[in-house]
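Student: I would like to go through the labels attached to this model and hear what each one rests on. Please set the value against the cut-off each time.

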Amino acid sequence: MVFSSVSFLFFFLPLVLTLYFAVPFKYKNTILLIFSLLFYAWGEPRYIVLMIISIIMNYGFGIWIDQTENHTKKRTTILSLAIVVNIGLLGFFKYANFFVDVVNQALQTNIHVTHVPLPLGISFYTFHALSYLIDVYRKTERAQRKLFNLSLYITFFPQLVAGPIIRYNSVAEQLSKRVFSSIQFAEGIKRFILGLSKKVLLANPLGFVADTVFATPVMDLSSGSAWIGIIAYTLQIYYDFSGYSDMAIGLGKMFGFEFAENFNYPYISKSVSEFWRRWHISLGSWFRDYVYIPLGGSKVAPWKMYRNLLIVWGLTGFWHGASWTFIAWGIYYGILIALEKAGLEKIMSRIYPLNHVVVLMLVMIGWVFFRADNFGYAADFILAMFHSRGNDIFDSQALALLSINWIPFAIGIMVAVPIFPKLQKWQFSKPITNVQTVFALLIHCFLFAEVILYLINSTYNPFLYFRF
């Protein structure tokens, strides 16, 4: 089940909201936990047992770590064991097939294993569990003694399969005590509708364009088609991912939770480092605080700092999927950020506003590797972007894609820059009238109606996170 589906919007969500607000506070977490497990079981009934085992296991590890408060060595040993077990489970289900293929290619062997399916959301709930254990180890939080509360933290359906990655120390108190208000609930509905609109009205049509271009043999692509395809994918992945984050934040507000922002207009960045401070903020901060800083961060010799960056970004790429293209995508960013640390960022700052264009170009080249299935296709696609191989620069395919989809392209580009927040800030600097309130309500109702019309009339509603 995905948020942008009729079953979620008209059956699952109304039911859970009704029951949630009908019961006393002491039962609210139980309602959320039951429906979170149902939400997961809807798409992955086979692997719900795996997730429950992971929760019980990490519940035990957390208490074990907490009980060794005065035994540093034992405490470290337990945490190390917990990390190995969690990463081991993630590694088996997500990377077993990849590693077997690598061994077969490297050693010319013919090892055969039964294909291991990827459990939905395993990357996200594993990182949630590790966040909890590390916070307990660092004594920033005590171990959660209520199994239901820890289970809810890991399985809470708004962020279970697509993030954002919620740090345990940011919601520990909210699990047992939170304030409900009609204003917060209304803000949650507005945020959810905006995220839903991003996903359905922008990401979906732009994703169709990207799929069309990337399904075309590279030799038949003109430069125009290649650029249209990668721009469409650049916008699709942003609105798909940020849209889901908006929906998760909005749903959290409806239930009384406050989640941190996960995107902050990344495509206006003036450097690659800034891009990653604005894109998937929860993942970047997770790797920064739990991997990069423990390795020494930037407070080490320059060569060690560059090593740390390459390690972190190699792991970031590998976290996204079991593919050499993902690893290359991660290392690509590690190299770019290392170059910026070495002085490139200062040089870039001197060529404003050209630095925006350079960063966007680098990001789009990175998205080619992220989207492509292999290096050969990625290399040929990038070549097609800059060389038409004898084809027209702007052929009939490019003209057709642009003429049919120019509206989502135009709106997508406009919404990717912070125009509306500035208008909203200007509006809120003045007293809000009843007319403005009614107008805002009508806008959100219109967006929701457009979403429903799209979902009813279209079967194209991809879920990018099945890959992660």
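**Labels and their cut-offs**

Student: Why is Arg145 called partly exposed?
Tutor: Its relative accessibility is 44%. Buried means under 20% relative accessible area, exposed over 50%, and partly exposed in between, with a 1.4 Å probe and protein chains only. Arg145 therefore counts as partly exposed. The model is predicted: local features need pLDDT of at least 70 and side-chain atom pairs 80 or more, while totals for chains, interfaces and linings use all residues. Residues are numbered from 1 along each chain as its sequence is written, and side-chain values use heavy atoms, without hydrogens and water.

Student: What makes Asp66 and Arg145 a salt bridge?
Tutor: The closest N and O atoms of the pair are 2.9 Å apart. A salt bridge needs a side-chain nitrogen of Lys or Arg within 4 Å of a carboxyl oxygen of Asp or Glu, so this pair qualifies. Asp66 is in helix H3 (residues 48-67) and Arg145 in the loop between helix H5 (122-137) and helix H6 (147-155), so the bridge ties together parts that are 79 residues apart in sequence. Helices here are DSSP runs (H or I, at least four residues), numbered from the N terminus.

Student: Is Asp66 buried or exposed?
Tutor: At 6% relative accessibility, Asp66 counts as buried.

Student: How do you know that Asp211 and Arg371 form a salt bridge?
Tutor: Their closest N and O atoms are 2.8 Å apart, within the 4 Å limit. Asp211 belongs to helix H9 and Arg371 to helix H15 (residues 354-371), so parts that are 160 residues apart in sequence are tied together. Asp211 is partly exposed at 29%, whereas Arg371 is buried at 18%.

Student: What makes Lys270 and Glu274 count as a salt bridge?
Tutor: The closest N and O atoms of Lys270 and Glu274 are 3.8 Å apart, and that is within 4 Å, so the pair counts. Lys270 has a relative accessible area of 37% and is partly exposed; Glu274, at 10%, counts as buried. The structure holds 13 salt bridges, and a network of them links Arg191, Lys198, Asp246 and Glu261.

Student: Why are H9 and H10 called roughly antiparallel?
Tutor: The axes of H9 (residues 182-214) and H10 (residues 223-254) come within 6 Å and cross at roughly 160 degrees. That makes H9 roughly antiparallel to H10, because angles under 35 degrees count as roughly parallel, over 145 as roughly antiparallel, 65 to 115 as roughly perpendicular and the rest as oblique. H9 passes H10 in a left-handed crossing.

Student: What is the relation of H9 to H17?
Tutor: H9 and H17 (residues 396-415) have axes that come within 9 Å and cross at roughly 155 degrees. H9 and H17 are therefore roughly antiparallel to each other.

Student: Why is H5 called oblique to H12?
Tutor: The axes of H5 and H12 (residues 281-292) come within 12 Å and cross at roughly 40 degrees. That makes H5 oblique to H12.

Student: Why is Ile183 called exposed?
Tutor: Ile183, in helix H9, has a relative accessible area of 59%, and this value is over 50%, so the residue is exposed. Ile183 and Lys253 are 9.6 Å apart in space, C-alpha to C-alpha, and 70 residues apart in sequence.

Definitions and conventions: Axes fitted to C-alpha atoms, helices over the stretch in contact; angles between N-to-C directions. Helix = DSSP H or I, 4+ residues; strand = E, 2+ residues; numbered from the N terminus. Left-handed = near helix turned anticlockwise from the far one by under 90°.
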